[in-house]
Amino acid sequence: MRPDLIFTSWLRTRRAMRMSAERLAARRARQWQKLQPALARTPALADYCGRSFPEFPVTNPAEMRADYGAWNSLNMSDAELRALADAAEAGNAVGDLSAGWSSGSGGGTRGLFVASSTERADYIGQSLARLLPARALLKRQRLALHLRANNDLYRDVQRGRFAFAHFPLETSLEETIAALMQFDPTILIAPPHRLIAYAKVGLRLPSLRHLFCGSEPISQAETEFLTEAFGVRPGAIYQATEGFLGAECPKGRLHLNEHAIEFELKSIPATDGFRPVITDLRRTSQPIVRLRGDDYLELDPKPCPCGYGGRVVRAPQGRVRDIWHLGKRVVTPPQVVGAVETILGGARDWQAEASSDTVTLRVAADCSEAMANDATMALGDLTGLPVELTRDFPSRLALKRRKVVWNDG
């Protein structure tokens, strides 16, 4: 991969981070026009090419997953793309094109993504610009990626001043701890539930300077616990199969990446939240156009002094499909997380599940009886329903966590 492409993307993103919301909107309009040739080569979108943006259909992820061959501009079939992603996960990727599988949505459904070397360079440049201060790029860094699968999207950062190592989630805690201590990362990206597990057994990483949470939501209570445990505040990365959707700014506020993505925020009835409809304006191999997301988002109305015009959202705490509909009462994932973690804090594992007339709180063994009972009462006050308390909490260290669950039968 050409380092000049990474630098160009980094510089372009850093400039965008000083743009107002109005300038970002004008930038997105130009990017939309540049995207049209790729859309004309994408079977599912070709008939709409040249029309205005609102005339393009809103698409569900399930439609893409049914036939990835219709959703790429490379003239590749669904079978070819799936084989490429499987080969990449097995460590057998070849050629310029990279593919892989997402970590899933907490329900076991994975999405396939594909990217050219140019797109990977753009991804790396954007990520470095959004996540790290410029001075960090002048120092030698050891980046540890602790996610389910490795991919060229991440491996390509290993050049120049960066050393890179992947630590699979399937590896045991003990083995991973030993490997992390040996690698001694300066930058670590990992799911919150794994970082919490390491903090609870006293892992110390003396060279750690930059800590990021990806793959699943992180709550305020967890942020506070991990900051105290590691001495570094974890920054939230908002990323999905649909793209690099957002990141925290130096002021600790989570901005949508509106320098490269068009976000349509659709109001969710009876809540203060929104469902995003996502258009990635820089992906051409696998165009993402008006793809309906499932994250439950709430805007943060407080102005941010960092200078970046991308809208600020509160860190996502769950999915739209996991909003609880309890008669006339609607309860959102952030409300559930807030009620439970006000009592349990950020260090204890739990899961809350509801149907139309029942609520169950599962807590792990390290939760005291008194705290578990208090959390049950808080959840009952929130929902207006009796809450069943159980300690039937399975160990899921290798899986994607889902704290708030709606079971509609």
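Predicted model: local features only at pLDDT ≥ 70, side-chain atom pairs only at ≥ 80, totals over all residues.

Reader: How many cavities of 30 Å³ or more does a search of the whole structure find?

Author: The search finds two cavities of that size.

Reader: Which residues line the largest cavity?

Author: The lining consists of P61, M64, R65, Y68, G111, L112, T241, E242, R283, Q286, I288 and L291. The largest share, three residues, comes from α3.

Reader: And how does that lining divide by class?

Author: Six of the residues lining the largest cavity are nonpolar, three are polar and three are charged.

Reader: What about the second largest cavity: which residues line it?

Author: Its lining is made of I196, E222, E341, G346, A347, R348, D349, W350, F393, R401 and K403. Here the classes are four nonpolar, one polar and six charged.

Reader: Let us turn to the pockets. How much space lies in the second largest pocket?

Author: The second largest pocket holds about 660 Å³ of space. It is lined by 30 residues, and those nearest its centre are L131, L132, P133, C249 and P250. The elements giving two or more residues to this lining are α5 (117-131), β6 (210-213) and β7 (234-240).

Reader: What classes of residue are found in the lining of that pocket?

Author: The lining of the second largest pocket has 15 nonpolar, six polar and nine charged residues.

Reader: You mentioned α5. Is that helix largely enclosed or open, and why?

Author: Helix α5 is largely enclosed by the rest of the structure, because 14 of its 15 residues are buried.

Reader: What span should α5 have, and how far apart are its end C-alpha atoms?

Author: At 1.5 Å a residue, the 15 residues of α5 should span 21 Å. The end C-alpha atoms are 21 Å apart, which agrees with that expectation.

Reader: On to the strands. In what order do the three strands of the open sheet lie?

Author: The order is β10-β11-β12, with antiparallel pairing. Strands β10 (261-267) and β12 (288-292) each have a single partner strand and stand at the edges, so one side of each is left without a neighbour in the sheet. Neighbouring strands are turned by 20° against each other on average, direction ignored.

Reader: How many bridges join β11 to β12?

Author: Three bridges join strand β11 (residues 274-280) to β12. Across this pairing, I278 stands opposite L291 in β12. L291 is also among the residues that line the largest cavity.

Reader: Next, β17. How many of its residues are buried?

Author: Five of the five residues in strand β17 (residues 359-363) are buried. V359, L361 and V363 lie on one side, T360 and R362 on the other, and both faces are covered. In general terms, side chains in a regular strand alternate between the two faces of the sheet.

Reader: Which strands does β17 pair with, parallel or antiparallel?

Author: With β16 (residues 350-354) the pairing is antiparallel, over five bridges. With β18 (residues 387-390) the pairing is parallel, over four bridges.

Reader: Which residues are partners in those pairings?

Author: The bridge partner of A354 is V359 in β17, and L361 stands opposite L389 in β18. A hairpin of four residues joins β16 to β17.

Reader: Finally, two single residues. Where is A221 found, and is A221 buried or exposed?

Author: A221 is found in helix α9 (residues 220-230). Its relative accessibility is 18%, and because buried means under 20%, A221 counts as buried. The C-alpha atoms of A221 and G345 are separated by 5.5 Å, although the two residues are 124 residues apart along the chain.

Reader: And I6: which helix is it found in, and what is its relative accessible area?

Author: I6 is found in helix α1 (residues 3-16). I6 has a relative accessible area of 10% and is buried. I6 and R120 are 114 residues apart along the chain, and their C-alpha atoms are separated by 8.5 Å.

Terms used: Residues numbered from 1 in each chain as written. Heavy atoms only, no water. 1 Å grid on protein atoms, 1.4 Å probe; cavity = no way out; pocket = protein on both sides within 12 Å on 5 of 7 lines; lining within 4 Å. Points joined across faces, edges and corners; volume = space filled by probe spheres on them. Nonpolar A, V, L, I, M, F, W, Y, C, P; charged D, E, K, R; others polar. Pairing = 2+ DSSP bridges. Axes fitted to C-alpha atoms, helices over the stretch in contact; angles between N-to-C directions. Expected span 1.5 Å × (residues − 1). Buried < 20%, exposed > 50% of the residue type's maximum accessible area, 1.4 Å probe, protein only.
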